Amino acid sequence: MAIRVFRVAVVGCPRLLITADPTFSGVGKSCLCNRFVRPEAYTEAHDSTVSADNWTEKPAYNGDHFLYWGAASKYLGEGAKVRFQVIEQTEFCELVGSGLQHLRAHPSDQDYLQRASSVRVVSQSSSKRAYQTHPEGAYASSAASSTYTVRSTQLFPNEDFGSGKGQGVSAYICVFDPTLVGEEMTRQRDFLAGLLQLVSKTKKRIVLACVKCDAVDEGKRKLGSALANSVLKKPIPYVETSAREGINVDEAFFVAATGSVRKRRGATGKHSSSSPLTYKEGADAKKQDVNQARDAYRRLLTRKVTHFSCLWNDILPVLEVEPEYNHLLRIGGEEAKEMVKKMFCMRLIELKIKEGNDQLKLNTLRKKLDNGQQKAFQSYLSDAFKQHPDMGYVCVDARVCVGVHMCWCECPCAHVVCACVSVCMHMLCVHV
């Protein structure tokens, strides 16, 4: 059975319309696309400032004021799989003096409203390629040699956008930035009101995505809801998202494809409401999903990491091919990148404590250990951690008490694993 292809155009207020300040990062269109298409390579380095030469020569830009993010295959539920192709309508500019200036390829260029509301996206030539990000650091040397390319973490793979006939748009996601204030917010609302009016004439489905919801309170998020309910005769489907935290990003695209949110299993095991999730509801649902993914990854570590001498660089290639590892990275957001190694270190701590129990014969004790026994156990753990290449940053505070579980927390000063250790007779309760 052929997979359905669904093309989504992500649109929003152009950067220069809001401010000519080069430090302004934009309204969040690129981050939304990045999190949806390639969550494992998420970055916030998406400045639309490039040199005129790079804009015309790089195949991901190709002299166009849009980016083709490539495709991502997703399950909508009930076994239905859709291949999303994502296009971001943007407006590239170059740095001239201390300000920004719009890049224009030729006099016939359409303005943003015309391009963003078009149902067909056409490139300047057939050499258009997908724009991709790459983990920070991989292109550090090339970034250092370039004075113009702001997107120093890009790769330009040979994934064609399509022929000169262009691509038809199936639906639109319009981005609303709730972090703007004063005149900038007014300019955004006025522009989006006009844009949504034009897009509605295409008869394609529209979704209004309130982005950066992790950075604002509920009152600011309601500004987007008010716009969704007032700009057209009928309310526009509205989804509150956070690309940084990976909350409700997929839901915005699923609403664009189907008109409703994927059915999500609630705590009772029954399907919950199919209405779009608010940021709070999405955060609660994600927390549950992450907890389940973390439990699955912890079980994977238990199977794969069986000796304290195991090294992260040795076990990582083994973990990278496992679905539990990749699933946690996909849904865990930025925190998951550090979480996977921290949980590996906690597995090593667990192994060393069990080993210490045997060597120091602590499992047979049914009373609280005296000071000498506690110091011996703490010294045993500290010496072992100092000698392990991956455990040098682990701080141990050993309180050896039989019958009390073991709890882990992050060290607030160094952002590393801090282990508050208590020895338990029958179980180890481990938290990130």
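**Close-up views of a predicted model**

Phe6 is buried, with a relative accessible area of 5%. This model is predicted.

**View 1. Phe6 pairs with Phe84.** The two ring centres lie 6.0 Å apart. The planes meet at 70°, so the pair is edge-to-face. This pair links distant parts of the chain. Phe6 sits in strand S1 (residues 4-12), and Phe84 sits in strand S3 (residues 80-89). They are 78 residues apart. Phe84 is buried too, at 0% relative accessibility.

**View 2. Ring pairs build a cluster.** Its members are Phe6, Phe36, Phe84, Phe253 and Phe254.

**View 3. Phe308 pairs with Phe385.** Here the ring centres are 6.1 Å apart. The planes stand at 35°, so this pair is tilted. Phe308 lies in the loop between helix H9 (279-304) and helix H10 (312-320). Phe385 belongs to helix H13 (residues 371-387). The pair spans 77 residues. Phe308 is buried, with a relative accessible area of 12%. Phe385 is buried, at 2% relative accessibility.

**View 4. Lys352 lies over the face of Phe308.** The distance to the ring centre is 4.8 Å.

**View 5. Arg35 lies over the face of Tyr42.** The distance to the ring centre is 4.0 Å.

**View 6. Arg115 is found in helix H4 (residues 112-116).** Is Arg115 buried or exposed? Its relative accessible area is 13%, under the 20% cut-off, so Arg115 counts as buried. The side chain of Arg115 reaches the backbone oxygen of Thr90 at 3.2 Å. Leaving aside neighbours within four places in sequence, Arg115 is in contact with His65, Gln89, Thr90, Glu91 and Gln110.

How values were computed
Residues numbered from 1 in each chain as written. Predicted model: local features only at pLDDT ≥ 70, side-chain atom pairs only at ≥ 80, totals over all residues. Heavy atoms only, no water. Helix = DSSP H or I, 4+ residues; strand = E, 2+ residues; numbered from the N terminus. Buried < 20%, exposed > 50% of the residue type's maximum accessible area, 1.4 Å probe, protein only. Polar contact = N/O pair within 3.5 Å; in protein donor to acceptor, adjacent residues only side chain to side chain. Contact = heavy atoms within 4.5 Å. Phe/Tyr/Trp six-rings, centres within 6.5 Å; stacked < 30°, edge-to-face > 60°. Lys NZ or Arg CZ within 6 Å of the ring centre and 35° of its normal.
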